[in-house]
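Here's a quick briefing for anyone meeting this structure for the first time. Take a look at it, then read on.

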Amino acid sequence: MQTVKMVITGPFSSGKTEFIRSISEIEVVSTERGISENTAESMEKENTTVAMDFGRITVDDDLVLYLFGTPGQRRFDFMWEILAEGMLGFVVMVDSAKPETFREAKSILETFRAYANTPYVVAANKQDHPDAWAADDLRIALRIEDNVKLLPCIAKDKESVKNVLLELLYSILEEMEG
Amino acid sequence: MPLQGNIRDFSTTQLLNLINLARKTGTLTIFEGIKTGEKDAMGNEKLAPGAPRANVAFNTGKLIFAAMDSQDGNLVSVLNKAGKLTDEQARIIRERAKNTTDKALAMLLINANYVSQSDIVNSIKQHTLDVVYNLLTWAEGPFRFDDGKMPGNERIMVPIDLENVIIEGSRRIKEAEKLVEHLPNLDFALKFPENPKEKFKGIHLSVEEWRVGSSGNPQSTSRQIAKANNMSDMEIRRIVYGLEQAGLVELVKPPGMDSTGTTRTRPKAARTPQVQKNVVNKLIDKIKSI
């Protein structure tokens, strides 16, 4: 049986776990831990991914797609390179309503680009949030080149997640054909 | 959707670049930051917007208006600062034209041959640029861009291309960094010569340099002098720096500030998988069917 791997990365609290949860056919295997109280992160959410999230989509008896979500906090970034090994492509999640994370998102994007020359897309997540920056503004803010797909996304919405993954697969296909 | 955040995370130069590239129309407001006691997603102190510090308006990506909350930016002050009206003329016009809009006042001044139309346009343009160059050096503060919001009709607006502003602004940021490093804060006292007129005799100084150099009270801080002369922080820093270098003022420097940076090692290249096209097509079909 062939397995194919995609990585979902991005800063802390950008919606990576939610993204995988929306599309995975299995309950996401998550390595979340409670966040220490009185930290910046604890204000954002109660749990964070410390090693990886793991989701699965079975295509048929011979093919399975694995989705790996990276830990968002910098202190777990030793996991990134391990997770990037053998990936077909990757998604960079950005919390569109938190401009303080844009620089970190760009840094993560560049780090993953350096790991492997594979196609990737950027998902402008939380587009349903009232403070969300529009995708076009995010492209300029993050200095994303025009040939890279930057897609509006709501990670808790399955159709939105499907669209992001499909666009990544189309990019992979285009590269193969090119 | 609003564009909002903190210039600590997304600098004013980056904002101008975004506004220019997206050809945006609206007003950018930068606020005083009020500490909330909370941390943001990156662990920095979260600042809520307080009183506005500056407003900058744009029309289809062009800079058209800028005003600093702490400065009197009306036409008389702008022309006075540009040297087109004397202090006395400015005082009289202020008294006589209290409730006159800038546009109406401009017409009156042109008709009375006080100034020409190009004097007004150039002075406003320079004032707008001074405000923007000054706020480009700010390191922190909440901001919000309101789409479509424009200054009142009574204001005179001069469209300015942003490309050059961004380039010149970036150059000034570097210069400002050096000045701030040299003069970390503006609360130090300036010590002037016993007789400034005598000491400054024969030295070619600009109007602003004269104003600072002859500010009288030897206990004055540069912040107080700036306020008295309607100058921005950077303007006073530049002048004090120049006067100090020329030996015309002395100052007592408070302790400097440190900055630290981190570097990250470049990762090794990861192995990429060999996957056939039909596998990708199967994945596409599967995801479509979910």
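First, one term: two residues are in contact if their C-beta atoms, placed from the backbone, lie within 7 Å. With that in hand, among contacts in chain B between residues at least 6 apart in sequence, 74% link residues at least 24 apart. Keep in mind that you're looking at a predicted model.

**The two chains**

- Chain A comes with 6 helices and 7 strands.
- Reading chain A from the N terminus, its elements go β-α-β-α-β-β-α-β-α-β-α-β-α.
- Of the 178 residues in chain A, 49% are buried.
- For contacts in chain A with a separation of 6 or more, 71% come from residues 24 or more positions apart.
- Chain B has 11 helices and 7 strands.
- Of the 290 residues in chain B, 29% are buried.

**Where the chains meet**

- On the chain A side, 45 residues are in contact with 38 residues of chain B.
- Several elements of chain A give two or more residues to this side, among them β1, α2 (40–44), β3 (47–60), α4 (102–115) and α6.
- The top contributor is α6(A), with 7 residues.
- By class, this side of chain A splits into 27 nonpolar, 7 polar and 11 charged residues.

**A closer look at α6 of chain A**

- Helix α6 of chain A covers residues 158–177, and its 20 residues should span 28 Å at 1.5 Å a residue.

**A helix pair in chain B**

- Helix α5 (residues 117–135) and helix α6 (residues 162–182) of chain B have axes that come within 9 Å and cross at roughly 50°.
- Angles from 65 to 115 degrees count as roughly perpendicular and those under 35 as roughly parallel; α5(B) and α6(B) are therefore oblique to each other.
- The crossing of α5(B) and α6(B) is right-handed.
- Which residues meet here? From α5(B) there are L129(B), V132(B) and Y133(B), and from α6(B) there are V165(B), G169(B) and R172(B).
- Sorted by class, the contact of α5(B) with α6(B) has 4 nonpolar, 1 polar and 1 charged residues.

Methods. Residues numbered from 1 in each chain as written. Chains lettered and ligands numbered in written order. Predicted model: local features only at pLDDT ≥ 70, side-chain atom pairs only at ≥ 80, totals over all residues. Helix = DSSP H or I, 4+ residues; strand = E, 2+ residues; numbered from the N terminus. Expected span 1.5 Å × (residues − 1). Nonpolar A, V, L, I, M, F, W, Y, C, P; charged D, E, K, R; others polar. Buried ≥ 20, exposed ≤ 12 C-beta atoms within 10 Å, placed from the backbone. Axes fitted to C-alpha atoms, helices over the stretch in contact; angles between N-to-C directions. Parallel < 35°, antiparallel > 145°, perpendicular 65-115°, else oblique. Left-handed = near helix turned anticlockwise from the far one by under 90°.
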